[in-house]
Amino acid sequence: MNLLNKVEQEQMKKDLPPMQPGDTVRVHVKIKEGDKERIQVFEGTLMARRRASNHSSITVRKISFGHGVERIFPLHSPAIDKIEVVRSARVRRAKLYYLRNLKGKAARMREAKTES
């Protein structure tokens, strides 16, 4: 392992929850305004996950006031405070970009069966 990989491994987060496309996630993001810092919560459907070790990211989509809003979050960024999985859904695709064309009830996800 070269020096660059070793430095990147130290900066990676270890406390990420297991998540997959279709899950409803709540991402807590640190926002800096002037000299103050606050946490903003962005909750939506996990559309895509890019797996690239230290450069991994997730795309989260929500509907805000009738408009679709998508944000791409780098998973190992210091601006991400925490990520919570609210609900899991059963999907058959790795990337859910087709949700961009659906509205209302058509965009609902089927609930995943939990093992109890």
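## A walk from the core to the charged pairs

Start by selecting M19, V25, V27, V29, F42, L46, I58, V60, F73, L75, I80 and I83: these 12 residues form the largest nonpolar core. A nonpolar core here is a set of buried Ala, Val, Leu, Ile, Met, Phe, Trp, Tyr and Cys residues joined through side-chain atoms within 4.5 Å. Buried means under 20% relative accessible area, exposed means over 50%, and partly exposed lies in between (1.4 Å probe, protein chains only). In soluble globular proteins, nonpolar side chains tend to be buried together.

Before you go on, note that this is a predicted model, in which local features need pLDDT of at least 70 and side-chain atom pairs count only at pLDDT 80 or more, while totals for chains, interfaces and linings use all residues. Residues are numbered from 1 along each chain as its sequence is written, and side-chain values use heavy atoms, with hydrogens and water left out.

Strand 1, strand 2, strand 3 (57-64) and strand 5 each supply at least two residues of the core, and strand 1 gives the most, with 3 residues. Strands (E, at least two residues) and helices (H or I, at least four) are DSSP runs, numbered from the N terminus.

Next, centre on M19. Leaving aside neighbours within four places in sequence, M19 is in contact (heavy atoms within 4.5 Å) with V25, L46, R49, I58, L75, I83 and V85.

Move to T45, which is found in strand 2 (residues 36-50). T45 counts as buried because its relative accessibility is 18%. With neighbours within four places in sequence again set aside, its contacts are G22, D23, T24, T59, V60, R61 and L99.

From there, go to the charged side chains. How many salt bridges does the structure hold? There are 6, each being a side-chain nitrogen of Lys or Arg within 4 Å of a carboxyl oxygen of Asp or Glu.

- Select R61 and E70: their side chains meet in a salt bridge at 3.0 Å, N to O. R61 counts as buried, at 15% relative accessibility, whereas E70 is partly exposed at 29%.
- Select R38 and E33: this salt bridge is 3.2 Å, N to O. R38 is partly exposed at 36%, and E33 is partly exposed at 43%.
- Select R26 and E84: their salt bridge is 3.2 Å, N to O. The pair links distant parts of the chain, with R26 in strand 1 (residues 24-33) and E84 in strand 5 (residues 80-87), 58 residues apart.
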